[in-house]
Structure formats: structure tokens, C-alpha cells
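Take a walk through the model below.

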Amino acid sequence: MSSNKPRIGLVVSTTRATRFADKPTNWLRAIAEERDDIDVEIVDLRDYPMPFFEEAMSPGYSPSTDPAAQAWAKTMAGLDGYVFITAEYNHSIPAVLKNALDHAYPEYGKKPAAFLGYGGVGGARAVQQLRLILNELQMATLKFAVHINANEMLPLMKNEKGFGDFPYLADAAKLMLDDLVWWARALKQARAA
Ligand SMILES: Cc1cc2nc3c(=O)[nH]c(=O)nc-3n(C[C@H](O)[C@H](O)[C@H](O)COP(=O)(O)O)c2cc1C
């Protein structure tokens, strides 16, 4: 059934077999799905196994010819806003995420992006770099984010603690989603006008 609610994609940005990404994704998904003001979709890069970008032209000018990249572009086109759930690899974003981002362009335009970063310093360096990249892709990058740092990530990883042990993370997620919904609604209306 179609809905007027903004459709928000939670983009899972790492693909390693033993990735930590699933823990914050499942946690955030549960929080997002409790809300009645958005529809939520998981966008897992594992489901879009595209090759390294080798197209003749930027997708800004011509769509990618790769089927997985086309599927990614279609999914991103159908969403009104994104939360990028990202690790920090060598102080930047995972290469698989950058590659996926390079494989589309108009599909992202004039849509808001928020962030959940994890790593030693909460994925903060990766998130900052991601903001710069998304700005070039004409997304509206938002201030509020969830940052899961080493003090939380390591006990979560080892199943010594759960997200409930760090209640301020849920507070941060609410602030982030509230702001994302505001922007997603406003930009959805503006795109339609
Ligand atoms: C290639 C690589 C580079 C990494 N570089 C960083 C880094 O710069 N900063 C950081 O906080 N953690 C770094 N880490 C540790 C990651 O935070 C940790 O492995 C995390 O679980 C990765 O996310 P994933 O499990 O979803 O792949 C790195 C991990 C990998 C595999």
C-alpha cells in the first residue's frame, strides 16, 4: 500500500562477513520502525554487489550499465531520505560505500542524509568525509548523528553489553530521526512542487 510518509533508507555501508554493522542497524531499525511518521527500508550494500566503477561516463550524465548498480540507483531513487550507517576505515568511509555512491547521481538529489557512525571515535572522521561526498551528490547533509565510540562498540561487539546500557544513544537516535523527518517531509514536498 502506498503511503505519504517519507520513506527512509537505512544504508548498511560495510559488507564483511563478520561485520559489526548488523548490530547498530538492527538497533536503529527497531527505533525507526516504532515511529508512525516514516516508512523504513534497509538498504544493505551486500545486496548490491557492483563492480568497481568503470563506466564510460559519470552517472551524472548517463546511468550505470551494471545491473547491480542500476538496482542500487532504483532503490535510492525510491527513498525520501537516508541514514548512512557507516564504519570508519582508515579515517574515511568504507570503499564499498564510496564505490556504490559513485554508481548513481540524480537519484540522490535534494534528499536529506543523516548518519550513524561507529569506530574508535564514533566514526566521526568517516562521517565528516561522507558529508563532503554527499554534498557533491546534492544531498542535504544533516547535523545530528549517532556516534558509537570504542567504549560502547567493544562491549557491544563482545556481547558484554547491550544498547540499553547506553541510553544516550537512543536519545541521539531520536534527535537524528526527528530532524531527518522534518527535512525529508520538507524536501519531498518541494521536489513534488
Ligand atoms: C580496513 C579497516 C580499517 C579500519 N580503520 C579504522 C579507523 O580508521 N578508525 C576506526 O575507528 N576504526 C577503524 N577500523 C576498525 C573498525 O572500526 C572495526 O573493525 C569495525 O568493526 C568495522 O566495521 P564493520 O565491522 O561493519 O566492517 C578499521 C577496520 C578495518 C577493517
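The buried residues of helix 2 pack against strand 1 (7-12), strand 2 (39-44), strand 3 (81-87) and helix 3 (95-102). Contact here means heavy atoms within 4.5 Å. Helices (H or I, at least four residues) and strands (E, at least two) are DSSP runs, numbered from the N terminus. The model is predicted: local features need pLDDT of at least 70, side-chain atom pairs count only at pLDDT 80 or more, and totals for chains, interfaces and linings use all residues. Residues are numbered from 1 along each chain as its sequence is written, and side-chain values use heavy atoms, leaving out hydrogens and water.

Which residues of helix 2 are buried? In this helix, residues 67-77, they are Ala 68, Ala 69, Trp 72, Ala 73, Thr 75 and Met 76. They cover an arc of only 160° around the axis, so they sit on the same side of helix 2. That arc is taken from the directions from the helix axis to the C-beta atoms. On the other side of helix 2, Pro 67 and Lys 74 are exposed. Buried means under 20% relative accessible area, exposed over 50%, and partly exposed in between (1.4 Å probe, protein chains only).

The N-terminal end of helix 2 has a cap, Asp 66. One of its side-chain oxygens lies 3.1 Å from the backbone nitrogen of Ala 68.

Now the charges. Side chains of opposite charge can pair when their charged atoms come close. A salt bridge is a side-chain nitrogen of Lys or Arg within 4 Å of a carboxyl oxygen of Asp or Glu. By this rule, there are 11 salt bridges.

Asp 80 is buried at 9% relative accessible area, whereas Arg 191 is partly exposed at 29%.

Helix 6 (residues 167-192) also holds Asp 178. Its side chain meets that of Arg 35 in a salt bridge (2.8 Å, N to O). Arg 35 is in the loop between helix 1 (22-33) and strand 2, 143 residues apart from Asp 178. Arg 35 is buried, at 18%; Asp 178 is partly exposed, at 31%.

Lys 98 and Asp 102 meet in a salt bridge (2.9 Å, N to O). They are 4 residues apart in helix 3, so about one helical turn separates them.

Note on methods. A polar contact is a pair of N or O atoms within 3.5 Å; within protein, one must be able to donate a hydrogen and the other to accept it, and residues adjacent in sequence count only if both atoms are side-chain atoms.
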